[in-house]
Amino acid sequence: MVTELRVPGDKSISHRALLLAALAGGESRIRGILTGEDPQATASILRELGVRVPPLAADGELRVTGVGVRGMRTPRRTLDCANSGTTARLMLGVLAGQKLEATLTGDDSLRRRPMRRVTDPLSRMGARFDPVAAPGRLPLRVTGGPLRALDYRLPVASAQLKSALLLAGVTGGVPVRLVEPGFSRDHTERMLAAAGCALTSSPEGRGNRVRLTASPSALDPVDVVVPGDFSSAAFPLALALLGGAGEGIVLRGVGLNPTRTGLLPVLERMNARIEVDMRSAPERGEPAGDLIIHPSDLTGTEVRPGEIPGLIDEVPVLAVLAARARGTTRITGAEELRVKESDRLGALAANLSPLGVEVEELPDGLVIEGTDRPLSGPVEAYGDHRIAMAFGVLGALPGNDITVDAPAAVDVSYPGFWGMLERVSTPAARPSARGAGPEVGAHARPVRGRGPVIVIDGPAGSGKSTTAREVARRLDFRHLDSGALYRALTYALLESGRPPDSWPALTESDLNAHPVRMTAAGSAFRIMLGARTLTTELRSPEVDAHVSAVARLPAVRGWLLDRQRQAGREGSLVGDGRDLGTVVFPEADVKIFLVAGVEERARRRLLQTGRAPDSESDVTAEAARLRTRDRIDATRAIAPLKKAADALELDGTHLSFEEQVDAILGEVRAHVGGRDSEVPNSGP
Ligand code: S3P
């Protein structure tokens, strides 16, 4: 079977569409924007600078009213670029020509990346940059103002640098003439031309000469249809080439700008069978089309320095392809990879070698010897989305078993990546597929945790959540409280101002626009919304009132599935919640289905909610409510209450809380105790 797939919107184009819309003199329209964390960073900085940017949504249309080229206001807060180098560098250019002061910062990875390549030429134009900590690194205090023209030869072929300088030319209203030593991506040039700037570009030697001769005092609004990101498409493409996606994959609507598709000729040399079905290129804007990928027997190749700018972001996935190709692949001239979201050459070598792949790390590249041996073991993402995804693909191939330490890194550019991998990877790679739910179909692939996974389900009032918390505490595992995730999403939806009656129409990508995350923090999971930790907010009456409607939405189940499985990849856990044992973790080590007589459950529930039962009639009334609830839960279409076939049913009617917990601990010891020293033999 051939699977059809669309990948999220192009990250580079999404940033630029937001920036140009902000600088325009009217209302711009953006369709198909990437809702990942990187464009979210650009959007929130623009909001801080006075631009009204609605919540990012991949479906539908985003309308942004620009403030003009020099209309930004002094921000009240430090501008946080998070993990996004493109945000930081392009924003430095935008701010250079604004009459304001602002401080830009980023996460640990971004604060290590070089900024001098941008600030040096921008300083020549007349802007000022004062480092807050280390020279040439973020945080930087920017003082923008009147600028001078620039005539400059770039030391590296870098689209981020080129774009920063062109954007400074626009906000400063001055000409900019650049020569770059290679052909980096040209999205900025295309979009500036569409917005009314006079711009030319022509080959010069081995590189590229770009001139911005004039820009209007207000850019024309843009109308951008963001194509799928070729750099994201490269991951399912690699999976399909390596035979990990059945008979192949058709990737629809992928951006095919020639400055981005340098991977294709390299793959052709490697014997890859890929058909490119290019739509007639639009007059302005970006070319796009479909890629049809067939499983192929790959051979090694030599990737030369001149090819690097056209596949700059594809080296991690290329390394994984090389690890499975026949013969040697040699990549050189890629020293720029050392200053990406991680030192990608170092990260690739450090991960491939212990998996059993022969690899030599060069100062500017890698030499990789392909192997068809099964590859297994843990790998480190180094907080880098593309390292995480490259090894995600390698791990999804039949016979391999690889655990990525920080799977959430993918949210930067490919929200939903792990769900996609589950859906499209070959059934042969999913031996224990069981209890399929609507989101995963028969595609549940075993989620390899870094330790045992214990799941507890049961009808309302069975005490599953307090029991799970205590079992987790006694085992020193993390407690995965799925209910808290629903609540966090409900909170984020309420905060976004979207009216609740529009929530049923939300898609999974809309939900991904809300940066709700769960991060492992010691013995618990912390629920975060962006940089904020959510605690008491989750129990507000407003959240209470809306959470069950949210939990019923099919898109929400898909959204939740990804996050719960990520939690499973981060270490040992005890989880409680509906469909954990059937859909989320069908291969959990221990599954408990907790039941109790309805009157006992009624009593517990009354006690739990602080309503001590005054009389048997209170209990009878609560029991009647529970019976109705049981019937609804068991028969509803979305995630019905259902005991997993291989779950142990534990009747707690006549057990005390302690006895119930002990019974589960006994079960855990019986199943995983023998092979995991993490499981203690006695209670605290
Ligand atoms: C980008 C340019 C590239 C690329 C990055 C996005 C852009 O960086 O690696 O992921 O959107 O301009 P450089 O061109 O600076 O190498």
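Ala-82 is found in the loop between β4 (79–80) and α3. Helices (H or I, at least four residues) and strands (E, at least two) are DSSP runs, numbered from the N terminus. The phi of Ala-82 is near 55°, a positive value in a residue other than glycine. Ala-82 is partly exposed, with a relative accessible area of 29%. Buried means under 20% relative accessible area, exposed over 50%, and partly exposed in between (1.4 Å probe, protein chains only). The model is predicted: local features need pLDDT of at least 70, side-chain atom pairs count only at pLDDT 80 or more, and totals for chains, interfaces and linings use all residues. Residues are numbered from 1 along each chain as its sequence is written, and side-chain values use heavy atoms, with hydrogens and water left out.

Helix α3 covers residues 85–96. At 1.5 Å a residue, its 12 residues should span 16 Å, and the end C-alpha atoms are 17 Å apart, which agrees. The expected span of a helix is 1.5 Å times one less than its number of residues. α3 is mostly covered, with 12 of its 12 residues buried. Among them are Arg-89, Leu-90, Met-91 and Leu-92.

Two further backbone features lie in loops. Leu-138 and Pro-139 are joined by a cis peptide bond, with omega about -5°. Pro-139 is placed in the loop between β6 (128–131) and β7 (140–143). Tyr-382 is not a glycine, yet has a positive phi of about 50°. The loop that holds Tyr-382 runs between β20 (376–379) and α12. Tyr-382 is partly exposed, at a relative accessible area of 35%.

Helix packing was examined next. The axes of helix α11 (residues 344–355) and helix α12 (residues 385–395) come within 10 Å and cross at roughly 25°. Axes are lines fitted to C-alpha atoms, for helices over the stretch in contact, and angles run from 0 to 180 degrees between N-to-C directions. α11 and α12 are therefore roughly parallel to each other. Angles under 35 degrees count as roughly parallel, over 145 as roughly antiparallel, 65 to 115 as roughly perpendicular and the rest as oblique. The crossing of α11 and α12 is right-handed. A crossing is left-handed if the near helix is turned anticlockwise from the far one by less than a right angle, and right-handed if clockwise. On the α11 side, Arg-344, Ala-347, Leu-348, Asn-351, Leu-352 and Leu-355 meet His-385, Arg-386, Ile-387, Phe-391 and Leu-394 in α12. Contact means heavy atoms within 4.5 Å. By class, the contact of α11 with α12 has 7 nonpolar, 2 polar and 2 charged residues. Ala, Val, Leu, Ile, Met, Phe, Trp, Tyr, Cys and Pro count as nonpolar, Asp, Glu, Lys and Arg as charged, and the others, Gly among them, as polar.

α12 also packs with helix α13 (residues 417–424), their axes coming within 11 Å and crossing at roughly 15°. α12 and α13 are therefore roughly parallel to each other. Their crossing is right-handed. Ala-388, Met-389, Gly-392 and Val-393 of α12 make the contact with Phe-417, Trp-418 and Leu-421 of α13. The contact of α12 with α13 has 6 nonpolar, 1 polar and no charged residues.

α13 meets helix α18 (residues 554–569) as well: the axes come within 9 Å and cross at roughly 90°. α13 and α18 are therefore roughly perpendicular to each other. The contact is made by Trp-418, Gly-419 and Glu-422 of α13 and by Asp-562, Arg-565, Gln-566 and Arg-569 of α18. These residues divide into 1 nonpolar, 2 polar and 4 charged.

Strand β22 (residues 453–457) holds Asp-457. Asp-457 is buried, with a relative accessible area of 8%. Beyond its neighbours within four places in sequence, Asp-457 is in contact with residues including Lys-464, Arg-578, Asp-579 and Lys-642.

Helix α15 (residues 482–496) has 15 residues and reaches 21 Å from its first C-alpha to its last, close to the 21 Å expected at 1.5 Å a residue. α15 is mostly covered, with 12 of its 15 residues buried. Ala-484, Tyr-486, Arg-487 and Tyr-491 are among the buried residues. Just after α15, Gly-497 takes a positive phi of about 85°. Ala-484 and Thr-535 are 51 residues apart in sequence and 9.2 Å apart in space, C-alpha to C-alpha. Thr-535 lies in the loop between β26 (532–533) and α17 (541–551). Thr-535 counts as exposed, at 52% relative accessibility.
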